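Subject: Model for your review

Hello,

Here is the structure for you to look at. My notes on it follow below.

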Amino acid sequence: MIPVLEVKNLVYTHRVKRSIFKPIDEFILGPINFALNAGETLAITGHNSSGKTLLAKSLVGAITPQQGSILLEGKEAKQSDKKTRNHDIRLILQHSKYSLNPAITVGSILNRTLRLNAELNEKDRKTKIEQTLVKVGLLREHYYFYRHMLSDGQQQRVSLARAMILDPKVIVADEPFAALDPSVRSQTVNLILDIQQELGMAFVFISQNLGIVRHISDKVMIMDKGKVIEAGSSQAVFNDPQHELTKKLIDSHFSLVNKHFEHFEQF
Amino acid sequence: MTQFNLYEEEFHPSPLMHIWLEFKRSHFALIGFAILLLFCAIAILAPLLAPYDPNVQNTNAILLPPAWEGNGSIAHIFGTDTLGRDVFSRTLYGCRVTFGSSVFLVLIASTIGVALGTLAGMKKGIKSSVLNHLLDSLMAIPTLLVAIIIVAIIGTGLWNSMWAIILVLIPQFVHQTRTFVREEMKKDYILLDKLDGASSPRIFWSSILPGMFELLAVQSTLALSVAIIDISALGFLNLGAQSPVVELGASLSQSLEVAYTAPWLVALPGFFIFLMVLSINIVGERLRTALRNRLIH
Amino acid sequence: MPLLDIKNLTVEIDTGSEFVKALDKVSLTVEKGEIRALVGESGSGKSLIVSAVIGAVPDHWIITADRLTWKGQNLLAMSNEQRRIIMRREIAVVFQDPTSSLDPSATLRAQLEESIPEELLDKGMFWKRNKQRREIAIGLMHKVGIKNHEACMQRYPHEIATDIAQKFMIAMALVSEPELLIADDSTRSMESTTKNQILRLLSGLNETKNLSILFISHDLLAISSIAHTMTVLYCGQTVESGKVQDLHNRPLHPYTKALLDSAPSFQINLPPKSHLVSLQGTIPTLKHLPIGCRLGPRCPNARKECVKVPEQRMLHHHSYSCHFPLHLPIDEQLEKDQ
C-alpha cells in the first residue's frame, strides 16, 4: 500500500535577521523523513521552538523547503500544482479565533474555499457547506454566523470544517487542542476520531499534551532544535523510549500520571 | 439528527449592523446624522428648493434684512445682498457647492488613497516603506497650506481648488490603508486563504476589504470635515470658486465689507459652514466610539 | 482559622441590559500550608474569584458574601488602602502568560530589584541598599531554580524562554514573602518537562516555607500531582470540594466525573483511539445561564428537581452540591425526594 503521505529528506533553513549588527540567525529544520498511511495519525511533539510549526507549514506548502520532497500518494506535491497542494493536504491552526476572518460569515469563508478548488455550482456549494457543518457538529444556521457569535469550541469546528470541506487526504493540525477546555477537547477529539474513521483520512497533529498524544496517535515523532530525535509507533516510544530527551519527556509525564494513581493506593 | 439549539436564539447582528446599533444609542449623533442627510438633500435638490435664481440681481431690493427682522419681507426669507440677490437661494446653492464638492472630492481621494495604500501594503520592500515615510512627512504640513501652494501653481477656480484638496487628502488614506493591510496580511486567516489558492487581488476583495469598511467610514468623515473647511477657506481667500459659482466661503468674503450694516450676510453663510462641520464631527466621533466598542466585544 | 475563607460569594455583573450572577454562592477555603486547586473551565468564574479577593472588581458590580475574610479580617469591609497593603505583602498573584505580565521595556534585573519592598532592607546608605537588593534578587532567582542568573538578569522579557519567564514571575511574586500565592493557570501551554519543573518548584516552596497556594487550572494531571485539596467550579457554582484523593477516587458530582474522564491518562483500560466519555452540549454563556443547577441541561442524571439550586452537603470533609450525587443509587434518590 502506498503511504498517503511520505516525506523524504526535508530540509528548511529559517533565516532571521535580528539587526544590522548581529549576524543572521539560522534555524535548520531537518532532515525529516517519515511515511504515513491512510487512516493513521502521526503526533509531533517536543519543546517550544523545536521546529514543529515550521514542519507543519512546510507540509502544507506555506513555506518551501530548500531540499527534500513531499509525496502525496506517491506523487510529488509541487508548489506549482495548486490543485493537489491545496486540495489533498490542509491545515488547522492553534488559535481558532485568529483563523477566522471576523468581518465575514462562516458561509462566505467556506464558500470561497469551495469556489477556488471545486467545480460546483452555487446550489451545490451551499449543500456541500451545510453537509460539512452538520458533520462537524454545527447547525445549518451557522452558515450565517460571524466569528464573534461562536464559542471557542465552535470556532475550532469551523476551522475543521474548512479543512475537511475539500475531502482532503491529510489534515495537519498545529496544537488544535491546546486552547480548548477539557470538555470541549474531549468532544473535538471524538469528532476527529469519527471523521478519520468515516473518511479514512490521515492526521498529523502537533501537541504538548502527552496524554492525548498517547491516546489517539499511531505514530509519534519527537523533535528538538529542528531535528527528529526519536520516532516510531506510539506504543514503542511510550513504553521504551531510547533518547535521553524522550525519556525525560515521558518520565515527567508519567510521574504526574502516577501521582494520580498513588491516590488510589492510599485509599 | 441535529439538535435544535434553543439556547442560542438571540439577536446577533452582523458587524456593520452592530456599528449602526451602537451609533443609534446616542441621540446627539442621530441629530447630527439627520442634519447631514438634510445637507445631502439640499446638495441634490437645491435647484428645486431655491425660490429665486441666485445670480439674478434685483435693484429694488438691495440689502433687505431677513424675514424675522423688522423691515424684512417674507419674499426674501434670508434677505438680500448688496446686489439684490436673494440670500436664501444663494445659501442653498452655496451649500450645494461646498458640501457637494467636498463629498465628491472625498470619494475621489479615498478611492485613490485606498488603491495606493493597498498596493503599498500588499507588497513588501523598501519602496513601499519610503513611500510611506514621504507621505507621513507630507501629512505633517497643514492641509490648507499645501492646498494654497497647489492652487498658486495650477491656478484658481472651483475645479482647481478641488484637485488641490484631493491631492492633499490622499496621504492620510494611503497611510491608514497601508497600515491596516499590512497588519491583516500577517494574520492567520490570510495565510489560510493563500493556502486555499487565492490570488492577491482576490484576497484583497473578499478578505481584507470587508474588514476595512469601518475604518474607511471613520477616515472619510474626518476627511470630509477637513475638505469642507478647506474648500470654504480657499473660497474665502478668493482662490476657489469664482463668480458666478456660489460658494459659502466666497460669499462670506464678499460680505465682509458690509458686515456692520448687514450682519446677516456674514452670519448666515458662516452658520451653515459651522453646521456642516459640526454635524460631520458629531457623526464621526460617534462612529469612532461605536467602532472601538465593537472591537471590545 | 483558615487563611482565606470565602463563603457564599456572589458576584453580579452588568451585562449591559441586566445583572447576571457570574458567581453564585461560591465557597472555598485555603488553610495555612495547604495547596488548594480551583478547577474550572472558561466561563466558570475562576478569574473573577481572584479579582474579588484582590479587590479588582469594578465598583458597579455587586459583591455579596457571607464571609470573605483574610486571616479573619473582612475583605469587603476594608478600605482600599488596607486592601492594598494586604495585596502587597501577604498575597501574591502569578498570572498565565509571563511575557505579558512583565514590562517589555525594562530588564529583568531592574524589574525584580524594583519590586523588593523597602521593609526588607536594612537602613543605610543607598549604595548599600542597592547591593542588598541585588543580593536578595540573586537569592530569589536561585530559589526558583534559575541557575545562570547573570545571563538572565540582563535580558529583556521577550528574549528569555517561557519556562524561565514563568519561574521569574514566581520569583517576583515571592519578593514580598507572601503567605498565599495565587497561581492563575500558570502551567497552561507548557510541555511536560517545564510543567514538572514549575510544579516541583511550587510544591517545594509549599513544603519548605509553608507557603499556601491557590492553584487555578483545568489541568487535572498538574493538580493531582501537587494539590492537597480541590474545589470544582462550574459556571460560577461550586459543585464539589474536598481532598484531591477523595475526589479522584470517588467523584460525587457528574461534572467532576466528566472532568476526570476527559484526561485519557487517568483511564487505564481505555483502548487507543476510542471515544472519550464527554458531556454533551457546551458551556452556557452569561446571557443564557440555566436556572437552578447550571449543569442541568448537560447532565446525564438531570431531572426536574434540578431547576432548584442544590444545597451543599458534606460527606466526611467532602462537600458536594447535587440533587442526585453519584454515590447514591437511583431508586434511593427517588425515595429520598419523596
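How many helices and how many strands does chain B have? Chain B has 10 helices and 0 strands, where helices (H or I, at least four residues) and strands (E, at least two) are DSSP runs numbered from the N terminus.

Some conventions before the rest. This is a predicted model, in which local features need pLDDT of at least 70, side-chain atom pairs count only at pLDDT 80 or more, and totals for chains, interfaces and linings use all residues. Residues are numbered from 1 along each chain as its sequence is written, while chains are lettered from A and ligands numbered from 1 in the order in which they are written.

Confidence: the predictor gives the complex an ipTM of 0.83 and a pTM of 0.81. For chain C the mean pLDDT (the predictor's confidence in each residue, from 0 to 100) is 85, and 97% of the residues of chain C reach 70 or more.

Chain B. The C-alpha atoms of chain B fill a box of roughly 80 × 55 × 25 Å along the principal axes. Of its 297 residues, 42% are buried (20 or more other C-beta atoms within 10 Å of the residue's own; exposed means 12 or fewer, partly exposed in between; C-beta atoms are placed from the backbone). In helix 7 (residues 188–196) of chain B, the buried residues are B:Tyr189, B:Leu192, B:Asp193, B:Leu195 and B:Asp196. They lie on the same side of helix 7 of chain B because they cover an arc of only 160° around the axis, the arc being that of the directions from the helix axis to the C-beta atoms. After helix 7 of chain B comes B:Gly197, with a positive phi near 105°.

Chain A. An open sheet of 4 strands in the order 2-1-4-5 has antiparallel pairing (two strands pair if DSSP finds at least two bridges between them). Its edge strands, strand 2 (25–36) and strand 5 (75–76) of chain A, each pair on one side only. Strand 1 (residues 5–16) and strand 4 (residues 67–72) of chain A are joined in the antiparallel sense over 5 bridges; A:Glu6 has A:Leu71 in strand 4 as its bridge partner.

Chain C. Strand 7 (residues 91–94) and strand 8 (residues 180–184) of chain C pair in the parallel sense over 4 bridges, with C:Ile91 opposite C:Leu180. From strand 7 of chain C, C:Ile91 and C:Val93 point one way and C:Ala92 and C:Val94 the other way; all are buried.

Regards
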